Amino acid sequence: MKLTTAGESHGKALVAIIEGLPAHLRVDMQNVNAKLALRQSGYGRGGRQKIEKDQAEILTGVRNGETLGSPVTLCIYNKDYANWEACMSAGACDEAVMQKKSLTKVRPGHADLSGVIKYGQTDARNILERASARETAIRVAAGAVFAEYLSALGVQISSYVKEICGVKDTGEYTFADVQKAKTTQTGMLDEQAEALAIEKITQLKADGDTAGGVVEIRVKGLKSGFGSHTTYDSKLDARLAQSLMSIQAVKGVEVGMGFGVASVSGKAVHDEIAYDENKGFYRTSNRAGGIEGGMSNGEEIVLRIAMKPIPTLMKGLKTVDYVSKQETVAAAERSDVCAIFALSIIAESAVAKTLAETVAERLGGDTMEEVTARYNALP
Ligand SMILES: Cc1cc2nc3c(=O)[nH]c(=O)nc-3n(C[C@H](O)[C@H](O)[C@H](O)COP(=O)(O)O)c2cc1C
């Protein structure tokens, strides 16, 4: 199974091709579009979300609501393209508009400077259009399809926001609790923490500043033995870390106790093993976060990611103009103040993609019937 995405932020469309999906997987576009709407929500988002109301379309690989086993192509047309066609068209562009929309006041915290140097550009728009987190819209659409594949096996993914710019939700939550997080404004479950976080974001906006935070992702129902200890690139924790770290602005990934393992002794870290006739083998705690030796161990998978504050500041940071080499203030396009709620949806999609790939690698199967029979036969 393999996902490829393409598309520029203000280009005509974003596209995803998923190869390797078995036949007879039901694809519910209402569900896909509901995920896209969630990605556009959350307190602190910027003006772009008011222009785009993302709706995905399927171009190939699905007939009568079911996959055919051929590559599935998903597409989201960018509504904003109508305002950008003169300088974003694949054909000849209007030089004057291109000049007006060009970006040379390269922004700290972005791909702008390294990108223009590497790709022989002078206009950082040729870099930022692809580096932008707009790309995550099509990853979320594809993620909804991967989540349907996993759901057919009884595997569910959920997440909530644990921290926004120093405001922490310190609650301990069950999987069922976490599933309620999407009904809040920030993705936080604790009402007091949410109120403080909203205050914080409002203040940061007034100061021309931005916020990051922490998201916790949970996976329930995955049997043991997915991923492998045998090679460095088949380890499930390594794959999940790569997938999550590939999301724009994610700067840290933790599995289970994460960095917490370093400051306490072994007794306080490792999960004891027990056996029950009905449950089989299980752990009496889940500090490992459901992965040991690069394999799922049958417990809930627990992952946390840290997002840096949005790098475009309305009161811009100092920089140097790439063309004139003069000191200046970084360009500030319409921007989010806080996008952590969106990140929680994107992170679920990234986890769904990696788990679906890992499950498909072990189980194979040309039809969903084959996949579910093989999964159900596992211990
Ligand atoms: C959901 C989401 C929304 C984002 N929105 C913005 C934004 O409005 N403005 C901005 O400057 N960066 C935004 N970012 C972050 C940048 O895309 C990201 O920091 C940048 O591409 C550099 O990549 P890096 O932080 O991974 O190094 C967003 C990230 C995510 C995940």
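These questions and answers set terms used for this predicted model against their definitions. Local features need pLDDT of at least 70 and side-chain atom pairs count only at pLDDT 80 or more, while totals for chains, interfaces and linings use all residues. Residues are numbered from 1 along each chain as its sequence is written.

Q: Why are S1 and S2 called paired strands?
A: Strands are DSSP runs (E, at least two residues), numbered from the N terminus. Two of them pair if DSSP finds at least two bridges between them. S1 and strand S2 (residues 13-19) have 5 bridges in the antiparallel sense, so they pair under that definition. Thr5, for one, has Ala16 in S2 as its bridge partner.

Q: What makes S1 and S3 edge strands?
A: The open sheet of 4 strands runs S1-S2-S6-S3, with antiparallel pairing. Strand S1 (2-6) and strand S3 (56-60) each have a single partner strand, so one side of each has no neighbour in the sheet.

Q: Why is the set with Ala141, Leu303, Ala347 and Val351 called a nonpolar core?
A: A nonpolar core is a set of buried Ala, Val, Leu, Ile, Met, Phe, Trp, Tyr and Cys residues joined through C-beta atoms within 7 Å. Buried means that 20 or more other C-beta atoms lie within 10 Å of a residue's own, with C-beta atoms placed from the backbone. The largest such core has 78 residues, and those four have the most contacts inside it. Helix H11 (residues 340-363) gives the largest share, 13 residues.

Technical notes:
A residue is buried if 20 or more other C-beta atoms lie within 10 Å of its own, exposed if 12 or fewer, and partly exposed in between; C-beta atoms are placed from the backbone.
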